[in-house]
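Student: I would like to go through the terms used for this model and see what each one rests on. Where do we start?

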2 protein chains.
Amino acid sequence: MARTAAPGTRERILDVATALFYTEGVRAVGMSRIIGEVGCGKNLLYAQFPSKADLVTAYLDRFRERRDRAEEKALREAGDDPAERLVAVVAEIAGRLRRPDFRGCPFRNLLTEFPDGDEPPERRAREYLRETRELVGCLAGELGVTDPEGLADRIWLIIDGLYASGFRERAAAVAVDMAREAIAAAR
Amino acid sequence: MARTAAPGTRERILDVATALFYTEGVRAVGMSRIIGEVGCGKNLLYAQFPSKADLVTAYLDRFRERRDRAEEKALREAGDDPAERLVAVVAEIAGRLRRPDFRGCPFRNLLTEFPDGDEPPERRAREYLRETRELVGCLAGELGVTDPEGLADRIWLIIDGLYASGFRERAAAVAVDMAREAIAAAR
DNA sequence: GTCTATAAGGGGATAGAC
DNA sequence: GTCTATCCCCTTATAGAC
């Protein structure tokens, strides 16, 4: 709120929190650990994020913003062909698996750690999954196939598989082909 | 060791621990909680399982035994056709999604909670994934297709997707079809 | 002797106060 | 930033009940 000085502080805290939460898990990383790695005082962090849940929520929100931008970019570059747009969504995720810091989907991971919770972080995660699934459904619908929801289910299974895969290179290599085949078969 | 009486105790503890670990997560469930729900004393539990890691390991081991038996049964009933055997592996997993208590793969879930660990539980989980992937590779190899490993990658992506899916009914409905199509396309 | 109940150790968690 | 409060974690030890 009344924070005028040190404009980069919030981002720096979020950077550290993101790296730790994403690579080690939310439950595994304590606030003290984050404070230590940021090198700031406790006050500063709790002034920016009153509770751990707030920090986790901010972590997910930022992840989501970046992901949404990457997705929009991929869709923009895919052009107007609905099939290519659907493939682009899968390809964008597959491309992410190849980054060395990839460690699965932060939203799915969070729900594995907090399966029953209904706090803002869990809500964010479920929201993300629901909306992304809807996007796939919409794109499939634009194709004009006989069973758009069946196609969307297949694409979604591929996406789920990509995020869950422990064999990233191999998964990334086949996912796009499988998506194309599913689209071709639906026609 | 010198435990002769109360033969059902160990199983009862394991039953409670399994239900809690699987549905709520290993990190989320404390030993005190398990002791409370079993209704036994602390000593008894620690006599059977000297540490939480031992209990978690036993939980995974028992899960694995049952899963292996189910898999063997599915393979037995599938007969000798390699394609049907491969489909049977996918179908067996898809069938599991339909159970109300399904909450994903306990091994994958554990690795999400403990991504970097190298203790017995994490070893069990990685071992299971490696061996199951090898089984899929073997079954694909028996098909005599030109690219058995590529086919195995596809089947494995479907399996990963099944376990990760938040839309279980829909995933289960399309997974077997996708597996059949992948096999047909590989020929 | 087997089990329960309880207390306590040592650590780390979140969070608040100064 | 340091210091404290409160809580829960895993684990061990002690004491009592059947």
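Tutor: With buried area, which is the accessible area, found with a 1.4 Å probe, that two parts lose on being put together, summed over both. Keep in mind that the model is a predicted one.

Student: What makes domain 1 of chain A and domain 2 of chain A two parts that bury area between them?

Tutor: The domain assignment of chain A gives domain 1 as 8-50 and domain 2 as 63-186. Put together, these parts lose about 750 Å², and 53% of that lies on carbon and sulfur atoms. Of the area that domain 1 of chain A buries against domain 2 of chain A, 75% is supplied by A:Tyr22, A:Val26 and A:Arg27, more than by any other three residues.

Student: How do you know that residues of domain 1 of chain A are in contact with residues of domain 2 of chain A?

Tutor: Contact requires heavy atoms within 4.5 Å. Eight residues of domain 1 of chain A and nine residues of domain 2 of chain A are in contact. The centres of these two domains, taken over C-alpha atoms, are separated by 28 Å.

Student: What is the area buried between chain A and chain B?

Tutor: About 2800 Å², with 63% given by carbon and sulfur atoms. The contact takes 32 residues from chain A and 32 residues from chain B. On the chain A side, A:Thr112, A:Arg154 and A:Leu157 lose the most area to chain B, together 22% of what that side buries.

Student: Why is B:Ile13 called buried?

Tutor: Buried means under 20% relative accessible area. B:Ile13 has 0%, so B:Ile13 is buried. B:Ile13 is found in helix H1 of chain B, and B:Ile13 touches B:Val38, B:Leu45, B:Gln48, B:Phe49 and B:Leu55, leaving aside residues up to four places away in sequence. The C-alpha atoms of B:Ile13 and B:Cys40 are 8.7 Å from each other, with the two residues 27 places apart along the chain.

Student: Which residues lie nearest the centre of the largest pocket?

Tutor: They are A:Asn109, A:Thr112, A:Ala164, B:Asn109 and B:Thr112, out of 41 lining residues. Helices H6, H7 and H8 of chain A and helices H6, H7 and H8 of chain B each give two or more residues to that lining. The volume of the largest pocket is about 1200 Å³.

Terms used
Residues are numbered from 1 along each chain as its sequence is written. Chains are lettered from A and ligands numbered from 1 in the order in which they are written. This is a predicted model: local features need pLDDT of at least 70, side-chain atom pairs count only at pLDDT 80 or more; totals for chains, interfaces and linings use all residues. Side-chain values use heavy atoms; hydrogens and water are left out. Helices (H or I, at least four residues) and strands (E, at least two) are DSSP runs, numbered from the N terminus. Buried means under 20% relative accessible area, exposed over 50%, partly exposed in between (1.4 Å probe, protein chains only). On a 1 Å grid over the protein atoms alone, a cavity is a set of points where a 1.4 Å probe fits but cannot get out, and a pocket is an open set with protein on both sides within 12 Å along at least five of seven lines; lining residues have an atom within 4 Å of a point. Grid points are joined across faces, edges and corners, and a volume is the space filled by probe spheres set on the points. Domain bounds come from an automatic or database domain assignment.
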